[in-house]
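Please read them alongside the sequence and coordinates.

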Amino acid sequence: MAIDKLPASHSPLDASKLVIHEATALKTIPESETLVFGQTTTDHMLVCTYHPVTGWSNPEIKPYGPLSLDPMSSCLQYATNVFEGMKAYVGPDGKPRLFRPDRNMKRLEGSAARVALPPFDSSELLKLIKRLVTLDARWIPTLPGYSLYIRPTIIGTRSALGVAASDEAILYVILSPTGPYFRTGPKPLSLLGISETARTWPGGTGGFKLGLNYTPGFLPQQIAAKQGYDQVLWLLGEENRITEVGAMNVFVVVKRDDGALDVITPTLDGTILPGITRASVLELTAAHPEKSVLPGLSPSTRLHVHERTIPMDQLLEWSSAGKLLEAFGVGTAVIVAPIGKIGFQDTSVTIPSYEKGLGPVGQGLYDRIWDIQTGKFEWQGWSVPVIEEK
Ligand SMILES: *Cc1c(COP(=O)(O)O)cnc(C)c1O
């Protein structure tokens with residue numbers, strides 16, 4: 001599907017036109033330890049609007065606050081809502097950094113195009129995000145595992161009930177300081193394998209970060225929670241192939257007959273969100289041990305990465321043969337989260353690292369990614385300082 005170009009008469013998104021209205025009273029930053037994911041907002045937000053005749057407005061940074069929307073707004077009626085999830089980190093050198101932000105920008109462009117929201121130049125958006133993070137940099141927590149979550153969002157604001165693409169939009173970016181997913185030490189997730197309701201399907205929109213992909217998952221998540229599980233393992237099709245865990249990509253580590261380890265994640269077939277953490281895990285795993293040894297792993301531990309279908313039967317077979325060593329979910333919020341148990345129909349799978357947290361491969365990946373994110377380990381330019389060196 002082609003991404004539309006902005007008509008020549010429309011103003012493009014232009015970071016050089018930024019107007020900043022600083023908050024007159026700054027908020028008190030809560031103690032890091034009390035932070036709950038996605039509940040605390042910072043002093044400022046970035047807002048830019050798209051008008052069908054003139055194009056993008058001058059971007060504005062202003063005090064965090066409510067938006068005003070017509071009740072007919074496309075996003076309220078037809079879910080024209082796309083977003084990104086990224087983080088700013090501060091490492092030992094005290095510099096705020098982003099992790100592979102160009103990837104988030106490209107993905108947001110793709111998501112907007114998929115629901116026919118107006119196009120924008122994402123390299124300009126990245127400049128604006130850097131300005132916002134710089135202004136609110138005092139909100140980036142510095143404790144290990146803590147960071148500032150960044151939520152770029154685009155909503156359709158066409159105010160008419162006709163079922164049609166929204167030719168008006170608001171692009172905004174908000175920030176929220178956040179702590180590690182597991183506060184009290186690693187607690188492996190228990191998952192309920194669900195195949196009756198699908199998160200996404202072939203030809204659907206699972207490969208894009210659209211608000212509408214998450215809504216149908218709320219009820220199955222409640223059902224799983226009622227049965228004592230932490231999250232849903234989304235299974236798809238007749239062979240119950242594993243797709244994702246909650247809103248995370250999923251990996252399994254399987255022991256091979258030659259002693260090496262297979263590190264496997266489902267193929268990006270359009271039903272799976274192309275996670276930046278997923279891509280990073282694949283690249284770091286492939287780099288071990290020749291280009292870089294993962295922390296805690298021996299250079300003699302051979303890892304083979306695979307993107308392939310994982311039917312539930314295959315997982316049960318690996319498990320009963322004692323070959324399933326690790327399973328984990330990956331995503332920006334968690335980095336790497338251990339999976340301990342999977343309930344499916346009348347069986348259940350227990351992963352050996354259960355109770356212990358991450359296994360060696362998952363832990364090595366977590367440690368390496370965290371060190372790259374905070375600038376402690378330089379790797380392929382993945383960590384981008386927010387304030388460019390002159
Ligand atoms: C955002 C998201 C992920 C993880 O993507 P990252 O870029 O690694 O944060 C995985 N699955 C779903 C459904 C998501 O929305």
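In which crossing, left-handed or right-handed, does α2 pass α5?

1. The crossing of α2 past α5 is right-handed. A crossing is right-handed if the near helix is turned clockwise from the far one by less than a right angle, and left-handed if anticlockwise. Helices here are DSSP runs (H or I, at least four residues), numbered from the N terminus.

2. This is a predicted model, in which local features need pLDDT of at least 70, side-chain atom pairs count only at pLDDT 80 or more, and totals for chains, interfaces and linings use all residues. Residues are numbered from 1 along each chain as its sequence is written, and side-chain values use heavy atoms, with hydrogens and water left out.

3. The angle between α2 and helix α5 (residues 276-287) is about 135 degrees, and their axes are 10 Å apart. α2 is therefore oblique to α5. Axes are lines fitted to C-alpha atoms, for helices over the stretch in contact, and angles run from 0 to 180 degrees between N-to-C directions. Under 35 degrees counts as roughly parallel, over 145 as roughly antiparallel, 65 to 115 as roughly perpendicular and the rest as oblique.

4. Arg103, Asn104 and Arg107 of α2 make the contact with Ile276, Ala279 and Glu283 of α5 (contact means heavy atoms within 4.5 Å). By class, these residues are 2 nonpolar, 1 polar and 3 charged. Ala, Val, Leu, Ile, Met, Phe, Trp, Tyr, Cys and Pro count as nonpolar, Asp, Glu, Lys and Arg as charged, and the others, Gly among them, as polar.

5. Helix α2 (residues 101-114) also packs with helix α3 (residues 122-135), at about 130 degrees and with axes 9 Å apart. The two are therefore oblique to each other, and α2 passes α3 in a right-handed crossing. On the α2 side the contact includes Pro101, Met105 and Leu108; on the α3 side it includes Leu125, Leu126 and Ile129. Its residues are 6 nonpolar, 1 polar and 3 charged.

6. α5 packs with helix α7 (residues 360-373) at about 110 degrees, with axes 11 Å apart. α5 and α7 are therefore roughly perpendicular to each other. Thr277, Val281, Leu284 and Thr285 of α5 meet Leu365, Arg368, Ile369 and Ile372 of α7. The classes are 5 nonpolar, 2 polar and 1 charged.
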